[in-house]
Amino acid sequence: MLAIEHLSKHFGELQALNDVNFNVEKGEIMGLIGQNGAGKSTTFHSILSFIHYDGTINWDGQPITEAVFNQIGYLPEERSLMPKMTIEQQILYLAQLKGQSARKIRSEIDDWMARFEVKGKKNDKIKSLSKGNQQKVQLICTLIHHPSLIILDEPFSGLDPVNVDLLEQAISNAKREGAAIIFSSHDMGNVEALCDQLVMLRKGDMVLHGEIRAIRDQFGKSEIFVTTPWSAVELQQLPHVIKVTSLSNQRYLLRVDDPTAGREIFQRLSHGEYIEEFSQQPPTLDEIFRMKAGNDQ
Amino acid sequence: MKKLWVVTLSTYLRQVKSWSFVILVLSPFIMLAVSFGVGFVSANSAADSDQIAVVSNQSAVRQAYIKVVGHDQVDQRVKTETAAKKALKKEAIKGYLVLSAGQRYQATYHGTEAMASFDKTRLTSFLNKLQTQANVVRAKLSHRQLSQLQQQPIFKQVVQKKDGLAKIAKLASFWILVFMVYMILTTYSSITAQEIASEKGTKVMEIIFSSTTAGKYFCGKILGVLMVIATQLVVYLLGGWASLIAAHHMSMADSFFRDYGSLVNQVIGNLVSVNLLFLFLGVIIYTILAAFSGALVAKAEDASKASYPAVYLSMAAFFATFPFQNNADALLVKILSYVPFFSSYFMPLRIINGVASPVEIGFSLGLLIVAILLLVWYISGIYKGLILQADEGNLWHRFRRGLSYR
């Protein structure tokens, strides 16, 4: 288990992280979200001991030192490999630095390249590969040694939908193998689809933490999707409605300041008659992110 | 240790497999081969016209004279006066000598130019010897008379050749050594600084530092570069040795080794000694400095500027030796022979001139080794911060920012 307690870090006057606490169990995926500069990369750099910090970070009860490095798979935010190396040399080099034997890795490279659909031969130079294929090679480097702690900084950025599926599959496989996975993303769809829990950071403070369903529920069922001949102006007059968004022809999203107002709104709209759509839901993760990030503006 | 070795081997193989390394290592041998080739071809092409022909009515006399002047100086295919005339007309030979043996020995030289005075003296001496032998036989002298006639005046000269040669050897050794140190230092300072600077601020370094410690990675890099330098030195030593052996078997180099063999041996002795250790350790300390300055550049694009501090310091030390090449006992030389970064130039200067005791040499070496170890220890500690930070500020700001990662 990755356990982070009272993690704080400041760079001069800047408080980059302030008393951050969370755990990631083995076989669990944690999403770390927040705007640019919120402290996501600083959290990762602290876990990886790139920087000194206040607080404690333990993996299986031990501080993260060189002895633990072989169990970590890390994908940095910007993709970067050694352009003059071949695919095989690059994977071998980084895997050997993770304590793997060259013979074992050589025997597995073809399989990994096929699994990630890398186009090219293993003797091709990294610089000759397309950006997408370089990203895949970097993912192979992150996962080939079967790490038990996987840290992925914006892994989905720049990937096309097909590659997003491949990556999601790889992350799910790693979870099934029992890895603790923590990744940051700006795409709440990925976070919602993959993560068991999330941490949201804002200016170094942890503003949200918990299971995704629980977080959404804690915001209450404040959204009502409705299909009605009423106009937006008429809908705005309904009790507790604070915002009306037109989604398509006669379909609207009403945001209410009191989730219990749903029953009254339903009655006013239907008059006891058939109504094509009325659905009261908690806000999406994306909306929660915007709400929380909005407080930052 | 395994990860250190992975970094070392990767750095080493990347360098030695590059064309620039192959060219760097082979270029002196290529130049040597080319200059030998040019010398050989020009010697061969000039050989015919520089030769003379020797003809005589007595074959024994002809052979004796050819032996005296050397076989390569005589075109031995020409044996008659008619053939010699033809050869001279065609300018295949520069002249021919007709030796007549009889009661009186006689020599006539036909040539495009007058005979050189050295050749003339040698010929006269040869003929005098033959004439004397013939005269003695004809006079039927007793042993006693003969020995009295053979009395010669005695001329002796004492030349302090050894001392003069030693001085030349010292001077030659000094220049060869400082140039070797300077060339190797500037080459590898540049290679190391660029190697490190090109990784500056790249995310692949984050992957590497999530796999091994920055200290191990730094030491691995330095060891890799040192293995490359050691490879180059071994190639030079083996190549130099092989070239020397080859040169000893070449007739065109015979006279050179006859005249300068002892000088060559002294120079080699000066170079293949503790001076080589100073050279190697000097390269190590400058390589570490170059790695440090490589890690201090603002971004990977500035890699070409990274070697400047190491190269400039090396140049300063190199030029500082010039005024002292004939004054190795000066106080400043003594001081600088103990200062790391300078001692690799100044202590060999003292050693070559025989003005450094074994204790002084050992002390200087000890200081150099301690300085290397301290530098490695210190830079290993801050290396991660220096490499991972990518601030745009000035050098001092970047250094302080790097320290903040500690």
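Predicted model: local features only at pLDDT ≥ 70, side-chain atom pairs only at ≥ 80, totals over all residues.

Mentor: In the hairpin of E1(A) and E2(A), two residues sit between the strands, and A:Gly12 takes a positive phi near 60°. Strand E1 covers residues 2–11 of chain A and strand E2 residues 14–24; they run antiparallel and are joined by seven bridges. Helices (H or I, at least four residues) and strands (E, at least two) are DSSP runs numbered from the N terminus. Two strands pair if DSSP finds at least two bridges between them.

Residues are numbered from 1 along each chain as its sequence is written, while chains are lettered from A and ligands numbered from 1 in the order in which they are written.

E1(A) has another partner to consider. E1(A) also pairs with strand E4 (residues 54–59) of chain A, antiparallel, over five bridges. There, A:Glu5 stands opposite A:Thr56 of E4(A). Strands of a sheet pair through backbone hydrogen bonds, either parallel or antiparallel.

Now the setting of the hairpin. Chain A holds eleven helices and 14 strands. Its C-alpha trace spans about 75 × 45 × 30 Å along the principal axes. Chain A has 297 residues, and 51% of them count as buried. Buried means under 20% relative accessible area, exposed over 50%, and partly exposed in between (1.4 Å probe, protein chains only). Of the contacts in chain A with a separation of 6 or more, 67% link residues 24 or more positions apart. A contact means heavy atoms within 4.5 Å.

One helix residue of chain A shows such contacts well. A:Glu88 lies in helix H3 (residues 87–97) of chain A. A:Glu88 counts as buried, at 16% relative accessibility. Leaving out residues up to four places away in sequence, A:Glu88 touches A:Arg106, A:Ile109, A:Lys122 and A:Asn123. From A:Glu88 to A:Ile105 is 17 residues in sequence and 9.2 Å between C-alpha atoms.

Further along chain A comes a sheet. Four strands form an open sheet in the order E12-E13-E11-E14, with antiparallel pairing. Strand E12 (241–248) and strand E14 (277–281) of chain A are the edges; each has a single partner strand, so one side of each has no neighbour in the sheet. On average, neighbouring strands of this sheet are turned by 20° against each other, direction ignored. Strand E11 (residues 223–227) of chain A pairs with E14(A) through five antiparallel bridges. One of the bridge pairs joins A:Thr227 to A:Glu277 in E14(A).

Helix H10 (residues 262–270) of chain A lies across E11, E12, strand E13 (251–256) and E14 of chain A; it runs at about 170° to E14(A). Axes are lines fitted to C-alpha atoms, for helices over the stretch in contact, and angles run from 0 to 180 degrees between N-to-C directions.

A:Glu223 and A:Arg255 form a salt bridge, with the closest N and O atoms 2.9 Å apart. A:Glu223 lies in strand E11 of chain A and A:Arg255 in strand E13 of chain A, so the pair ties together parts that are 32 residues apart in sequence. A salt bridge is a side-chain nitrogen of Lys or Arg within 4 Å of a carboxyl oxygen of Asp or Glu. A:Glu223 is buried at 1% relative accessibility, whereas A:Arg255 is partly exposed at 23%. Over all chains, the search of the whole structure finds 15 salt bridges.

Last, the contact with chain B. There, 27 residues of chain A are in contact with 26 residues of chain B. The area buried between the chains is about 2,400 Å², and carbon and sulfur atoms give 61% of it. On the chain B side, B:Lys203, B:Ile207 and B:Ser210 lose the most area to chain A, together 24% of what that side buries. Buried area is the accessible area (1.4 Å probe) that two parts lose on being put together, summed over both. The rule finds one salt bridge across this interface. A:Glu66 and B:Lys216 form a salt bridge, their closest N and O atoms being 2.8 Å apart.

Key
Heavy atoms only, no water.
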